[in-house]
Amino acid sequence: MKTETAAKASAAIADMENDDLLSAFPEGPRLLGTRCGDCGREMIGTRVVCSSCVSSNVGTIALPTTGTLYSFTRLHVGGEGIRPLGYVDLDNDVRTLADIREGDTPLEPGIRVELGVDGENWFFAREASETKGHHHD
Amino acid sequence: MTENVHVISAAMIPFAKYRTSSYVGLAVPPLIDALRSAGVDKSEVDAVYVGHSYGGMMTGQRICKEIGLGDVPTVNVDNACSSGATAIHEASTAIAQGLIDIAVVIGVEKLTQFGGGALPLSPEDREVKQGIIMPAVYAMRATRYLYETEATAEDLALVSVKARKHGALNPFAQFRKEVTVEEVLASRAVADPLTLLMCCPTGDGAAVVVLASERARKRLGTSGGMRIAASVLHSGHVEEGFRDMTRPEISSRSAQDAYAQAGIEPKDLDMIELHDAFSIAELVYYEAFGLAERGHAADLIRDGKTTFGGSVVVNPSGGLLAKGHPVGASGVAQVAEAFWQLSGQAGDRQVDDARWAMTHVTGGGTAGLDHGACTIHIFEAA
Ligand SMILES: [Zn+2]
C-alpha cells in the first residue's frame, strides 16, 4: 500500500465535453480512437485510461478508414424509414457500430467496407474495389 | 455452498399490460400470496431483495410498507434483465453463508410506463448515442448466425412457434394464442431478419419467491419445493475489437460454473427457462449450454427435442417470447416456473417427472460487452 501524508483527490473525466466520433485530422475526416502508450491497445473514442492495462499514458489517434463488416441489420423501428446498422471490424482490430450505406449489391457479413463522410454524418459502405461474393473473413 | 437453501413458495400475477397499476399494485398481491403459501409470518422475514430496473427510488420499501413489512434490510437490485435473478442470488448467498434464515425476493417491472417500443437503455452509453436498441443487437447476432451455419429464418420462426405453443398452456402468459411459421415470418419487420413475432412483448409483471435455510424449512414443517443446487452471477467483460456474437461468453461461462456447482451435466436437466428475448437467443443458448454442437442448435427445434416429450423442455412457461418480459420480474418468474414444475403444480404444461431445472437471464445493452450481467440457477426437486 502506498502511503501519502495527505490524501490526493481523484479527478473526474470530462467525457461529456465532446462525444463526437468523427474528427478532422491532417489526412482528412477520421473516426477518433485512443492508443495506449504502454501496451499498444487501440480503442474506439476518446479515453483517458486503457481498458486493458489501466495505463493513463494514452493518446488520440485517427482510426483506419477500412475494415470488414462483421454483421448488420436493417432496422425498421425507432426512426423514419429503414436504417441499415452494422458492426465494422476496423483493420486495427477495433470494432465500431456504424450506419451502413447499401449499394446495388446486397450487404453480407464478411465484405470489405470503407468510411464515407456526408457533411456531419459518417457511414461505412462496400469498398469501391469489392466485388460480390469476395469474402475476407 | 455451506448451507442448503430452499425455495419454499412462489407467486406471481399473470404478465400483461396493467396500465392502472403501480409497482406497488403489481407486487403487493404476489408478496402476500407467497408469504401465505410458505406459511411465513411477516415477522419471520430476515431480509427482502427486490429486482427492478425502472421502479425508481425505494421501490422495495414502497411495496413492503403496504403490508407493514419493515425494519429488516431491504435491498434494491438493478442488473437490467438479470435484476430479479441477481436478487435471488444475493438472498441465496446470504442464507448459504448462515447470515439469515428466511428471505423474500420480489421481481417487478412496469414497462407500459414507457408507452411501447424498445427498452430504454442508458443514454450515457456510446452505442446508445449512435442509436443502438436491443432488437438491433439480437438482429446482428441472427444475421451472423444464419451466415455461419445452416440455420434459416424458418428456424428462428420455429422458436416463436414453440414459445407460443407453450404459452397457450400457461395461465400466467401474456400471449396465449398459438402462431404458425408463416404468421411469424409474415409479421411486421422489426430488425432484419427478426420480425415482430420473434421479439418479446412489452408488458408489466411481478413475481415473488420465499427462500429458506434447511433449519427454517424444518421449523416451518415444509415439505416439497426445491433446493438451490447452483447460483451463479457473472458480469460481461469488455472487448474493444473482434467479438464472436454467436458464442456468448458470459452465458457459456455461467453455465459451466453452474453445472460444476450442481454436479450435473446438461443431459441431466429436465427443463430450462432461458432468456429468449428474441428467437435467435434460444438457438445461440442451446449451444452455450452444451445442448447442441456448434452450428446445430436448429436441429433441436426442428426435431421437437425442446418441447414437451423431448429430451429437455425449454421454456415450458412460454418464455420471454410468450409469457412476456417485464425486465426486473423475469428472473423471479422463471424461478417461480421451476418451483411449480418441480413440485408438480404446473397444470397443463407440467413436464413429466421433472427433477432438475435451470433458469437463465442475461441482459443489459452496453457497448463492448456481450451482456452486462448473466445469472444462472439450477434447482433440484426436494
Ligand atoms: Zn494499455
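Chain A has a radius of gyration (taken over C-alpha atoms) of 18 Å, whereas a compact globule of 137 residues would have one near 14 Å. The globule rule behind such estimates is 2.2 Å times the number of residues to the power 0.38. The model is predicted: local features need pLDDT of at least 70, side-chain atom pairs count only at pLDDT 80 or more, and totals for chains, interfaces and linings use all residues. Residues are numbered from 1 along each chain as its sequence is written, chains are lettered from A and ligands numbered from 1 in the order in which they are written, and side-chain values use heavy atoms, with hydrogens and water left out.

**Chain A**

- Chain A contains 0 helices and 9 strands; helices (H or I, at least four residues) and strands (E, at least two) are DSSP runs, numbered from the N terminus.
- Along the sequence, the pattern of chain A reads β-β-β-β-β-β-β-β-β.
- Taken along the principal axes, the C-alpha atoms of chain A fill a box of roughly 65 × 35 × 30 Å.
- Of the 137 residues in chain A, 41% are buried, where buried means under 20% relative accessible area, exposed over 50% and partly exposed in between (1.4 Å probe, protein chains only).
- Contact means heavy atoms within 4.5 Å; among contacts in chain A between residues at least 6 apart in sequence, 42% join residues at least 24 apart.

**Chain B**

- Chain B has 13 helices and 12 strands.
- The radius of gyration of chain B is 19 Å, close to the 21 Å that the globule rule gives for 382 residues, so chain B is as compact as a globular protein of that length.
- The C-alpha trace of chain B spans about 55 × 45 × 40 Å along its principal axes.
- Buried residues account for 61% of the 382 residues of chain B.
- Of the contacts in chain B with a separation of 6 or more, 79% involve residues 24 or more positions apart.
- Chain B exposes about 13,400 Å², of which carbon and sulfur atoms supply 51%.

**Helix packing in chain B**

- Helix α3 (residues 83–96) and helix α13 (residues 327–342) of chain B have axes that come within 5 Å and cross at roughly 60 degrees.
- On the α3(B) side the contact is made by Ser83(B), Gly84(B), Ala85(B) and Ile88(B), and on the α13(B) side by Gly328(B), Gly331(B), Val332(B) and Val335(B).
- Axes are lines fitted to C-alpha atoms, for helices over the stretch in contact, and angles run from 0 to 180 degrees between N-to-C directions.

**Two buried serines of chain B**

- Ser254(B) lies in helix α9 (residues 249–262) of chain B and is buried, with a relative accessible area of 0%.
- Apart from neighbours within four places in sequence, Ser254(B) is in contact with Val232(B), His234(B), Cys374(B) and Ile376(B).
- Ser9(B) is placed in strand β1 (residues 5–12) of chain B and counts as buried at 0% relative accessibility.
- Beyond neighbours within four places in sequence, the contacts of Ser9(B) include Ala34(B), Val209(B) and Phe339(B).

Key: Accessible areas come from the Shrake-Rupley method with a 1.4 Å probe; for residues, only the protein chains shown count as cover.
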